[in-house]
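Here's a quick briefing to read with the model open beside you.

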Amino acid sequence: MDRNQLVADLTSRLKRLERDGDLDAVLGDDALMAVYRLLPLATRPAANGALRVSDPGAVIEIGFLHWYRYLVSPEPDGVADFQNAVELFSSFYLVTPDVLPRPLRAYLDAVGGLNGVRAKGPNWPGPASALVQWLTLENDPASYRGAFEAAELLQCRLVPGVERLPDYPLRLAQMGKAYMTAFARGNPQCLEAATRHLRQAAERMDASQPGWATAHGDAGTALLAHYDRTRDRADLEAAIAHLTEAVEGASRDPAASLTSWLTNLGLAERKLYELSEDRALLDRAIDHLTRSVDRLSKEAQANPSHQEQLFSARLNLGGVLVRRCQQLGDAEALDSAIGHLRLVVEQTPREHPQFSTALAGLADALQTRFQRKRNRADVDEVIGRLGDMDFEKPSSFSMLSFTFLARYQEFGQKADLEMSIAHGKAALHLSNVDDPGHLGYSINLAKALQARHQLGKEIDDLDLAISRLRGALSQARPNDPDVGLAQLNLGHLLNERAGLPAGESHRSAAQEAFTKAAATPGLGTAFRLNAQFSLARSLDGQGRHREACDAYEAAIDEVPHLLPRDLDRVDAEQQLEHLQFLSVDAAACALKTEDPVRALRFLEQGRSIFLSQLLELRPDLQELRLRAPELADRFDAARQRLGTARPTAEGPQNWEHRRAAARDLDVLLMQIRALPGFTDFLAAPTLPDLLKAAADGPVVVVNVGEHRADALLIRTDGIHCVPLPGLSRETLHPLAIEFLRALMNVANPSLSSDQRLALQDNLTDVLEWLWDVVCHPVLTALGITGRPAPGMPPPRVWWVPTGLLTLLPLHAAGHHHTRTTDTPDTVLDRVTSSYATTVRALAHARSMPDTPASGAASDTTLAVAMTDTPGLSPLPGADAEVESIRRLLPGTRILADSRVTRDSVLSALALHRRVHFACHAGGDLSAPSDAHLRLYDGPLSVGDLLIYSGCCRRG
C-alpha cells in the first residue's frame, strides 16, 4: 500500500474505534503493521537520533493511534504507546499545540515539554489511570482545571467497546473521581456526572476485585453530597448502602479510607433518621461516628493533618448525641455530646469557617441540658461563649435571645429579659422574610415580649408581640416548618390579651390560631396536643362546653402518639407533667353538659394512656405486638416520627415527611381497627366495659377539675354524678402538702412532744376534711349511712381518685372520735375500701382467668414484713400485721427482714395470687413511677412491680 492508503487505513481504524467501539481496530497486530509501514514514509532520522517529520498529517495520525492504544489498553499495558505518542507529538507541541489531544497537551504543559517527560523516566506516568490521577490531584490543585483535563482523558477511555474490558469499572471510578474533585474544587455542575459514574463503577465491580471497597466508599460519598442538593431520600438510602459495603469490605482493600467512610456513613444515617425517626439508624450513626472519632484521635497524634477530619467527625458525633437526648431522653449521650463539642470549640481557631457551626452545636447541647437539669452553669456558659462573638448572622442573635429568656425564666433576673428582647430585635433587624429562620426569630422575640408583659403588666409589650408574630405569619411561606409553632404561640398571646381590658375580641382570634396550629400537617405531637388543649380551655371558659368537649377529646386522642416507646420513664413523666389536668378538666367540662358517661370516658382514656405511656402496660398495644408484630412496628415508627418536638433543620423536605407520617398514622389506625378484636384499639372504653368494674361493689371516681369537683358513682345499673362543692384545687393543694409534711415528720424523734402532737392534729384535720367534702357525700349517695348490720360483712367500695387526691388516704377519712358511736363518721367503720388506678384496669383485672399462675398453689398469699430496714426506723408492728393475715388466710407465706430482697420478692410474686407488704415506702412527686417499697437490699419501685406483673401476664 502507498502512503495515502496507509493514512486512510489508520484514519478508518480510529473512526471504527470512536464510532463502533472496535478495540481490535487499534489494538490488533495489523494496526501496528500499518504504523511500521507508514512511519518510514512520514519521517526520517535526524543527526541526534530523533525523528524528523517529513509528513505532518501522517505523523499526527500515527500519534493518535498510539494515543488511543494507550487509552484503551487494559491496565497496566500501554506505557510504550504513551511514550511513542509523546515523541511523535513533541514536534508539534511548540508550534501547533492545538493538534495535540488536550489531556496530553495539559500534561506536557505541566511537566515542561518533552525534556520534562524524559526527566521523569521512561516509565512515567505509567498506565492511563496513573495519568488520570496525576492530572486530577497534582496538576494545579488549587483549581478544577486539571480535573477537567482528567475527565476529558477519561471520556476518551470510555469509547464504546471498553465495557467488555475487565478494567472498565476502574475507568468509571477514575472518571467519577475526576468529576468529584472538580466538584470539590468549586464546580457544582460536576456532581451529577461524578455520582453517575461512581455508582456505575461500584455496581459493576465484583467483590473479589481490588478496590471494591473504595469504589463503594466513593459512590456513597458522592450520593451523600447529591442528597444535600436534591433532598431525594433515595440518594440517602443508596449512600448508606454503598458506605456500609465499603466499611464492611475495608479490611480487604489496601487503599481503604475507612475513617472517612465511617464519618460519612454516620452522617448519612443521622440524616435518614431525621426523615424516618427509626431508632436503629440513630444508634448506628452514633456507633459509626464514635469509631471514626476514635480512629482519627489516634491518627491525629501521629499526623496533625488529620485534625481537620477529627474536627468534622467530633462535630457530627456531638450533633447526633444531642439528637438522641432530645428524642429519647438519654442524659449520658448529652453529657458525651457536650464533651466532644467543647473539644471542637476549644481546639478550633475562631477564624476557621466552621467555628461558628461548632459553637452553635455546643450552645444547643448546653441549652438542652439546661432545660432538663436547670443547672445555671450550662446557660451561663452558652451566654459567655456566644457573647464574646462578633455576630453577623441573625441566627446567632436569636440563639442568644432564646438563651437569655431561658435564664430569666428560671432565675428571674430582669436584665436577662431585657437582653433577650434586645438580641431578638437585632435578629429580626438583620434578617428578612426570605430568611428560612425569620419566623423562628419572630417567635423568640414574641415570647420575650410576652414575658416582659407578665412581669410589668404592660399591654404594649403584648400588643407588640402579637403584631410582630402576625406580620411574620402573613409573609411566611406556606410550607415554612415554623408556621404551626407560630400559630400556637400567637394563640397563647391572643388568649392572654383577651383577659385584659378591651381584649374580649381577641378570644375568637386566639381560638382560630389554636385551630390552625392543630391542623398544621407535620407539627410535632406535643405542640398539636397543646393547641387542642388550649382551644378546649378557651372554649370552656367561654361557656361553649360542647365544642370544648370535642376539643378536649381531640387532645386526648393525641396522647398515645406523644412519646416514643423507649423514652426514659423520668423523661416521659416530665413531658406528661403539664398534661396532668387534661383528662380531669375534660371530664369536668363534660359534666357541665350533664354527660357523666362521657366524663368518665375522658378520665379513663386520659389516665389509662398516661399510665401506659409511662409503664408500657397497655393491653391493646401488647396484644397488637403479639397478633400483628409488623403492623405494630409500623405503628410505633409513625408515632415516633410524629412525637418529635418540632420540625428539624432539614427544612421543607423533612416537613413533608412528617406530614406523610401523620397520614400514615391515620391509615394504620384504620387498618388496626379493622383486625378482629381491635375495633376499639386506643379508643375510649365503652359503657358496658366500665359497668363491668362494679360487679364486686360500686366504683367511685373522684374528679377535681379547674372549676368544679364531682364524684362519679359507677354501679352495674349506670353512672351517677355527685357534685362535691366543698372540694377544689385551691383548697386541695395546700391540704395535701400539709398532710404529706406532717406524715413525714410526725415520728421524727428530734421534735418535741408538743410539735409531734401538733402534727398529729394536722393529720386529723385533713382526715376530717376529707370525710366532710368527699367521703360523707359519696357514702350517703350510695345509701351507706352507718355500720353494716350485725353479722354482715361491710360493703366494698373501690376508690379511683385523681390528681392530688391520690396522695390522701380516702379509706382513713373521718371523725375518728365517733368510732364508738352507733353511726361512726368514718370510712373504716362503714365500708371495706380498695383502690384502682383506673376503672378500665379494674375491669381488665376482673376479666383475667380465675386461675393461679403456673406453678402456684390454688389460692395463696405472700406477706412481706420488714421490722428492721437498713438505714430506716424500725417497724415493730410489721410481724404482728403479717401474722394476723396468716390467721385470716391459712397457708400465707411470710418473707421477713433479711430474706426480703428484690430478687426473692419478684420470684415469689409469680407463685402467689395475692401479696401484702408491711414495710417502709418512699417516693418522689416529680417522678411518680419511682415510688417504691424499701426492701432489705434496696428499693422496689411501683413501676418495677407493674412491669413485672405485665410480663407475667404476657408469658
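Is F411 buried, partly exposed or exposed? F411 counts as partly exposed, because its relative accessibility is 32% (buried means under 20% relative accessible area, exposed over 50%, partly exposed in between, with a 1.4 Å probe and protein chains only). Bear in mind that this is a predicted model: local features need pLDDT of at least 70, side-chain atom pairs count only at pLDDT 80 or more, and totals for chains, interfaces and linings use all residues. Residues are numbered from 1 along each chain as its sequence is written, and side-chain values use heavy atoms, leaving out hydrogens and water.

**Aromatic rings**
- There are six aromatic pairs in the structure (Phe, Tyr or six-membered Trp rings with centres within 6.5 Å; planes under 30 degrees apart are stacked, over 60 edge-to-face, the rest tilted).
- F370 and F411 make a tilted pair, 6.2 Å centre to centre with 45° between the planes.
- That pair ties together distant parts of the chain, with F370 in helix α18 and F411 in helix α20 (residues 394-411), 41 residues apart (helices are DSSP runs of H or I, at least four residues, numbered from the N terminus).
- F370 counts as buried because its relative accessibility is 1%.
- F64, Y68 and F89 come together as one aromatic cluster.

**Charges over rings**
- R376 lies over the face of F411, 4.8 Å from the ring centre (the cut-off: NZ of Lys or CZ of Arg within 6 Å of the centre and within 35 degrees of the ring normal).
- R729 has its charged end over the ring of F581, 3.8 Å from the centre.

**T368**
- T368 belongs to helix α18 (residues 355-373), and counts as buried because its relative accessibility is 8%.
- Neighbours within four places in sequence aside, T368 is in contact with V322, C325, Q326 and L334 (heavy atoms within 4.5 Å).

Note on methods. Helices (H or I, at least four residues) and strands (E, at least two) are DSSP runs, numbered from the N terminus.
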